[in-house]
Amino acid sequence: MTLMFDVGNKVAAKAVQMCKPEVIAAYPITPQTVIVEELARFVENGELDAEYLCVESEHSVMAATCAAASMGVRTFTATSSQGLAFMHEMLHWAGLSRLPIVMINVNRTLGPGWSLWPDETDSMAQRDTGWIQFFVSSAQEAFDTVILAFRLAEHHEVQLPVLISYSAFTISHTMMPVEIPEQDDVDAFLPPFKPYWRLDWRNPVTFGNVLSDEYHMEKRYTMHLGMEAAKRLIPDLGREYEQRFGRYHGGLIEEYRTDDADYVLLAMASVGSEAKVAVDNLREQGHRVGLARLRVVRPYPDEDLRRIGRKRKLIALDRNISVGSGGWMYHETRSAVMGVEGCDVYGYLCGVGGRDVTYEDIEQMALKVFTGDARPDVVEWWDLKQTGGN
Amino acid sequence: MAIKDLPREELMHPGAGSCPACTDLLTLRMTLKALGPKTVLVTPASCTASVACGYPKTPFGVPVLTMAFAAGGAAASGAVAALHRLGEDDVNVVVWAGDGGTYDIGLQSMSGAMERGTNFIFVCYNNEIYSNTGVQRSGATPFGAWTTTTWKGKVDQRKDMPAIMLAHRLPYVATASASYIEDLYRKVQKAASIRGPKYLEFHIPCAPGWRFPMERTIEMGRLAVETGAWALFEADDGKVEFNLRSKQILDGKTQRKPIEEYLELQGRFAHLFRPERDEEALAGIQQFIDREWERYKQLAACGMSVG
Amino acid sequence: MERYTADTTISYPCDGAAGRTGGWRDFRPVIDLTICIRCLRCWAYCPEGAVLRADDDSVSINYDYCKGCGICAYECPKKVIAMEREE
C-alpha cells in the first residue's frame, strides 16, 4: 500500500491503470480531460500496456469502445456533460449489447450557456440506457469504485456497463490523500476479462441484426435482471473489497447517523459529503437527523429507501433537474416509498447549474422542514434569485 | 482475372432478406469471396440490415458487428485495436456502409478513422439513395433524380466522395461497379493486401429505388460507366489510374455514350422525358458529366495533389 | 459452432435466414444446358448465390432460394436461360 496525494482525476486514472484495460478510446472535454491525458501518458511511457485511440467525437468514442468490447477485450473511457449527451445513442448500444464497459463521467452542467460547474443532470439524463450508475464523493471512493466497477460489470449475472460519476472540480480537481493498493492484490480481486460473447472469425456470429418484437422485450427483461443482480452484488463485492483492501464505502447507499434519526437527508456526489457536515452540525443543535448518500442510482435502491423511510421524513437534495417534473431523486424516492408507513418525502432543487451548495445551505433546508415551513408535495428551488429577461 | 477464377467458396448463405436483384448482396458476396473467412464486417444502419434479416438467424458466414448509423469508422478503429491486442492483426476489418453511412451521417467517423490510420477497408456501397428507409435523397443522389424527399427531382449535385478520400492521402482508394465484378473482386483483394486505411466505393444500381426492371440491374451499372456517370479508377499511394472502359474513355479510345441513354431507362428520371423533355435539365446533366471528365483528366495527371 | 451465453442479439449463420426465399419468385429461370457455354456469368452475377456451380462448371438453379430477379437470363450471352411464369 502506498499513499497518493493528488486530484480526483489523477487518482481515478491510477485506478484505471491498475485494472489493465486493453483498449481506451478518448475525446477531450473539461473537466474530465486530466483522466485521459494521464492514461495517454501511462500508455506512451509503457506503464500501461493498452491500445489508446484518439477518436474524433464522443459518439465515436463510445462506438469504438463498444466495438473493442465486442471483440472481447476490457475497455475504458471517460467523459463529461455535453460529451456524455453526445454519446447517448451509443450508451443504449453498450447496454443492449451487454458489454462491460466502464466509464467515468465528471458531472458538469449542460449548456447552453457554457458552464464548467457540477450538476448531475448529464448523468441522470442517461438513466434509462442500461448503465449501472455510481455517484462517488471522494477521490478514494472514486479509486475503489473503478476497481469494483470492472469486477461488477464483468460478473456473469450482470454483464452491463458501469458509469461512475463525480463532481466537477470539487472532486475532479481537488487534491486528496488516497491509499493505493498493491497491483498483485488488484489482480487477485479483478482477474483477466473473459467475454460472454465476442466476434471471432472462427465462430462467425452476427451481432445486432433485426430483433423482432417477439424477442425484444425479453432482452430488456434480462438487462433488468442484470440490474437486480447488481443490487445484491454491489454490497457483496463491496464487502469482499473491504476484506482485501480494508475500505467499504457502503452498498447502494451509505448511511450516516441514521440509527435514531427522525429526518434523513438524501444526497449524492459532493452534495453528499457536504451533507455529512450539515448532519454533524444539526446533531450538535439537538436535531435527530441522518444522511442517506445514494452511491448507486441505477439500479435504484428502492428496498433500502423503503427500509430507511419507515416512520421518517426524507429530504431529497437534488442537484439535477428534469424540467417540467423536478429532481430525479425526489421523484424516484417518492415512487419507491409509496405506501411506506409514516414516510414523507421533501424535495429541494439545489445547486442546479453548478451553484455551490454549502453545509450551511443544507442546514437551512433541513431546518425549514423541521420547523414545518416546507411541504412534502412542493419542491422548492433553493436560493432562487429574481428571474425574467436577460 | 476471369470469372472462372473467382473462388467457389460462398461465405454468404442463400436465403438472405434483401430484395430480388439486390446489388448490395451481390457485392457482399463477391467481397467476401475476395477476403475469405478471416474477416469482420462492421455494418452501420443500411440496406444490409435487410440482408442480415432476423435474429436468431443470419446469412453471413463471417462475423458481423451491426453498428449505429454514424459510427462505422469509429467502430472499425475499436475493432482493429482489440484485434491487435488479441494478436489477430491478420483479420480483415471491413466497414460495409451505404452512401448515407458514408457521404452523410457517417462522414465524420469515417474521416476520423482514415486520419487515425486504422488498418481497415471502408466500403461504401453507393446506390445513391437512402433505399432501406424508402428512397430518400442522400449526398450521393445525382442531380435531377426523383426520390421521396425530392419529388420534382434533386436540385443539388452529388459530392465527390472518392476525391474527399484522396484528400486524406490514403494508401489505396478505388471505385468499382457491381457490373464489373472481376474488377471489383481485384480491387477488394488489392485493398486487403495493403496496410492502413483503404477506401472502396461500389456503384450499385437499385432496381426498386431507381425504378427500372430488376433483370436490367447489371446493364444499368454498365450504362453508368459507358455514359461516364460513374468512373472506374484506383489510386495506389495517390497515383491515379482509370480502369477498363473508363480508361478507354479517358484515353479517348472510346466515346462516352450520351447520358440520356442511361437516364431514360430509369423511372427516377422519367419526369425529365415525359410528358415533355426537360431540355435544360438534360443538357445540364450532360454538362455536369462533361465537366467531371475534365476533372478526371486532371486527377489522372496529378493524382491526389489535384485541386 | 460455439453458442454464447450472453443474452443479447447474437444470430447464427444458416441457409434460409429469411425463410425459403424462392417463394418470393414470380418467374423461374430454366436453363437449357445443351447450349450453355459455361461462361459462369449467371453464377457470378446472381446476388443470392442461387446459381449453383458444379465441379465441371455446369450450372443449375437452387429454386429454394432463387428470388426470380432474372439477372441470370438477362446477362446470359447465349440467352439459354428462359424466365417462365410460376404456376
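Student: How many residue pairs are in polar contact between chain C and chain B?
Tutor: In this predicted model, the count between chain C and chain B is 23 residue pairs in polar contact, both residues being at pLDDT 80 or more.

Student: Which elements of chain C supply residues to that side?
Tutor: Strand S1 (10–13), helix H1 (41–45) and helix H2 (71–75) of chain C each supply at least two residues of the side that touches chain B.

Student: And how do the residues on that side of chain C divide into nonpolar, polar and charged?
Tutor: The side of chain C that touches chain B has 19 nonpolar, ten polar and nine charged residues.

Student: How many salt bridges does the rule find across the interface of chain C and chain B?
Tutor: The rule finds three salt bridges there. One pair in a salt bridge is B:Lys4 with C:Asp57, whose closest N and O atoms are 3.9 Å apart.

Student: What area is buried between chain C and chain B?
Tutor: About 3,100 Å² is buried between these two chains, and carbon and sulfur atoms give 55% of that area. Of the area that chain C buries against chain B, C:Trp43, C:Tyr45 and C:Tyr74 supply 20%, which is more than any other three residues. In terms of residues, the contact takes 38 from chain C and 40 from chain B.

Student: Which strand of chain B is joined to S1(C)?
Tutor: S2(B) is joined to S1(C) by two bridges, and these strands run parallel. Within this pairing, C:Tyr12 in S1(C) has B:Lys57 standing opposite.

Student: Let us turn to the other interface. How many residues of chain B are in contact with chain A?
Tutor: Chain B has 41 residues in contact with 37 residues of chain A. The area buried between chain B and chain A is about 3,100 Å², with 64% of it given by carbon and sulfur atoms.

Student: How many residue pairs are in polar contact there, and how many salt bridges does the rule find?
Tutor: Between chain B and chain A, 15 residue pairs are in polar contact, counting pairs with both residues at pLDDT 80 or more. The rule finds four salt bridges across this interface. Among the residues in salt bridges are B:Arg85 and A:Asp49, with the closest N and O atoms 2.9 Å apart.

Student: Which elements of chain B supply the side that touches chain A?
Tutor: At least two residues each come from strand S1 (39–44), helix H2 (48–52), strand S2 (57–58), strand S3 (64–67), helix H3 (72–85) and helix H5 (107–115) of chain B. H3(B) gives the most to this side, with ten residues. The residues of this side divide into 25 nonpolar, eleven polar and five charged.

Student: Which strand of chain A pairs with S3(B)?
Tutor: Strand S9 (residues 206–207) of chain A pairs with S3(B) in the parallel sense over two bridges. A:Thr206 is placed opposite B:Val64 in this pairing.

Student: Now a point inside chain B. Is B:Asn126 buried or exposed, and why?
Tutor: B:Asn126 counts as buried because its relative accessibility is 2%, under the 20% cut-off. B:Asn126 is found in strand S5 (residues 120–126) of chain B.

Student: What does the side chain of B:Asn126 make a polar contact with?
Tutor: The partner is the side chain of B:Glu201, at 2.9 Å. Leaving aside neighbours within four places in sequence, the residues in contact with B:Asn126 include B:Asp99, B:Tyr103, B:His203 and B:Trp230.

Student: How many residues of helix H9 of chain B are buried?
Tutor: Ten of the eleven residues of H9(B) (residues 217–227) are buried, so the helix is mostly covered. Among the buried residues are B:Glu219, B:Met220, B:Leu223 and B:Glu226. B:Gly228 follows H9(B) and has a positive phi, near 85°.

Student: Last topic: why is S14(A) described as largely enclosed?
Tutor: Five of the six residues of strand S14 (residues 313–318) of chain A are buried, so the strand is largely enclosed by the rest of the structure.

Student: Which strands does S14(A) pair with?
Tutor: Strand S11 (residues 263–267) of chain A runs parallel to S14(A) and is joined to S14(A) by four bridges; here A:Tyr263 stands opposite A:Lys313. S14(A) also pairs with strand S15 (residues 344–349) of chain A, in the parallel sense over six bridges. In S15(A), A:Tyr348 is the bridge partner of A:Leu317.

How values were computed:
Residues numbered from 1 in each chain as written. Chains lettered and ligands numbered in written order. Predicted model: local features only at pLDDT ≥ 70, side-chain atom pairs only at ≥ 80, totals over all residues. Heavy atoms only, no water. Contact = heavy atoms within 4.5 Å. Buried area = accessible area lost by both parts, 1.4 Å probe. Salt bridge = Lys/Arg side-chain N within 4 Å of Asp/Glu carboxyl O. Polar contact = N/O pair within 3.5 Å; in protein donor to acceptor, adjacent residues only side chain to side chain. Nonpolar A, V, L, I, M, F, W, Y, C, P; charged D, E, K, R; others polar. Pairing = 2+ DSSP bridges. Buried < 20%, exposed > 50% of the residue type's maximum accessible area, 1.4 Å probe, protein only.
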